[in-house]
Amino acid sequence: VRGAMAKPKGGGAAAPTPAAPPPTKRLPAGAKATAGLCVFIAAMGVVAQQAYDIRMYAIRDYGYVIHEFDPWFNYRATEYLAANGWHAFFHWFDYKAWYPLGRPVGTTIYPGMQITSVAIWRAMPHYMPLLGLQPMSLNDVCCMVPAWFGITASVSLGALTAECSGTWSAGVAAAAIMAVIPAHTMRSVAGGYDNESIALTAMCTTFYFWTRALRPDPAVADGRATKASVVFGVLCGAAYVYMVAAWGGYVFVVNMIGVHAAALCACGRDTSKLHRAYSLFYVIGTFGATRVPPVNWAPVRNLEQMGPLLAFVGMQLLEYVEVQRRARKLSVLQVQLLRAKLALPIALALVGAAALLMQ
């Protein structure tokens, strides 16, 4: 038979079968994960270097100069904050802006970028000498803030993508694209001292903390709240407050998270983990947002922000019913009846509250 081992003449024994190759040694799962994380960190370091380098061309060509109109006004407001302090800044009426009417700067500006720049500038004398470097002037700090936050935005997006996809390679690819994409670089080039330069970092960080709060925990069953849902829910709310202070695009962020939470509930994936994460995000974020002067009570009065509020109220209803289900061992029919029983008075109360706030 073709392919069969031929017997030697003379009735001798068949040739011995060759020994099987030794088994391939594999890395333990923990070591493989650690190696992947190390490669991810090294790759993100390269991405950060490239993100910084591409944003420095204006400084290399023209020096530490702030360009465009809005960045100059933002720098002037930063100088006023650094020279006069917090209280004077929020009560500042600038007679030179919007001439001849003037501008109440304290109630019409998103102050996140000015506060960030002054905080960095004041912290520099404490740690720069330890690195053998000289502290920078406030002008130089304001010129560099867009480039620095261009790095953090790229890294934040990489972390968000890695969390959503479950792969380090996707995170690195997303960060590399974010580092060089023109739509981002044009708003974060060094010297372009405008709100968007720090807002992208705040936005991506908020989304990262939100997705991280919802990461499944194999040790927790039955949809119960996890420690991560509480910790990262709080961090998500804090990052959102920074986003509100930085840029008027905060409305997009709160609506995206509200839509995602509502979609999970509509798909039958409402859990105590989702309730804790969204409730902490919304309460902390909304309270912080109302402390920003241009925003004030807009989160509970503007129609464009009613969606996240309704999602918050609806989630409290679902969580109350879930607690009752666990405590009283309710059937599916009893759960649905309890939801319907509570939904009507809550809806009437919301209509009354909305009518009161809109007056």
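Visitor: What is Ser154 in contact with, leaving aside its neighbours within four places in sequence?
Guide: In this predicted model, Ser154 is in contact with Met44, Val47, Ala51, Ala175, Met178, Ala179 and His184, once its neighbours within four places in sequence are left aside.

Visitor: And is Ser154 buried or exposed?
Guide: Ser154, which lies in helix H6, has a relative accessible area of 0%, and because buried means under 20%, Ser154 counts as buried.

Visitor: Okay, staying with H6, at what angle do H5 and H6 pack?
Guide: Helix H5, covering residues 112-127, packs against H6 at an angle of about 115 degrees, and their axes are 10 Å apart. The crossing of these two helices, H5 and H6, is right-handed.

Visitor: Which residues meet there, between H5 and H6?
Guide: From H5 come Thr116, Ser117, Ile120, Trp121 and Met124, and they meet Leu138, Val141, Cys142, Val145, Trp148 and Phe149 of H6. Sorted by type, the residues of this contact of H5 with H6 are 9 nonpolar and 2 polar, with no charged ones.

Visitor: What about H3 and H6, how do their axes cross?
Guide: The axes of helix H3 (residues 69-90) and helix H6 (residues 138-165) come within 11 Å and cross at roughly 130 degrees, which means that H3 is oblique to H6. The crossing of H3 and H6 is right-handed.

Visitor: Which residues of H3 and H6 meet?
Guide: On the H3 side there are Tyr75, Thr78, Glu79 and Ala82, while H6 contributes Leu138, Asn139 and Cys142. The residues of this contact of H3 with H6 divide into 4 nonpolar, 2 polar and 1 charged.

Visitor: Switching topic: where is Thr185 found?
Guide: Thr185 is in helix H8, which spans residues 182-185, and Thr185 is buried, its relative accessible area being 16%. Apart from neighbours within four places in sequence, Thr185 is in contact with Ile54, Arg55, Ala179 and Val180.

Visitor: How far apart are Arg187 and Arg55 in space?
Guide: From C-alpha to C-alpha, Arg187 and Arg55 are 9.8 Å apart, although 132 residues separate them in sequence. Arg187 lies in the loop between H8 and helix H9 (196-213), and Arg187 is partly exposed, with a relative accessible area of 26%. Setting aside neighbours within four places in sequence, Arg187 is in contact with Glu68, Gly192, Asp194, Glu196 and Ser197.

Visitor: Which residues does the cis peptide bond join?
Guide: The cis peptide bond joins Tyr99 and Pro100, with omega about 5 degrees, and Pro100 is found in the loop between strand S1 (93-94) and strand S2 (103-104). In general, most peptide bonds are trans, and most residues other than glycine have a negative phi.

Visitor: What is phi of Trp98, then?
Guide: Phi of Trp98 is near 50 degrees, which is a positive value in a residue other than glycine. Trp98 lies in the loop between S1 and S2, and Trp98 is exposed, with a relative accessible area of 51%. Asn296 has a positive phi too, about 55 degrees, although it is not a glycine; Asn296 lies in the loop between helix H12 (272-290) and helix H13 (298-301).

Visitor: Last one: how many helices and strands does the protein chain have?
Guide: The protein chain has 15 helices and 2 strands, and 43% of its 359 residues count as buried.

Key: Residues numbered from 1 in each chain as written. Predicted model: local features only at pLDDT ≥ 70, side-chain atom pairs only at ≥ 80, totals over all residues. Heavy atoms only, no water. Axes fitted to C-alpha atoms, helices over the stretch in contact; angles between N-to-C directions. Helix = DSSP H or I, 4+ residues; strand = E, 2+ residues; numbered from the N terminus. Parallel < 35°, antiparallel > 145°, perpendicular 65-115°, else oblique. Left-handed = near helix turned anticlockwise from the far one by under 90°. Contact = heavy atoms within 4.5 Å. Nonpolar A, V, L, I, M, F, W, Y, C, P; charged D, E, K, R; others polar. Buried < 20%, exposed > 50% of the residue type's maximum accessible area, 1.4 Å probe, protein only.
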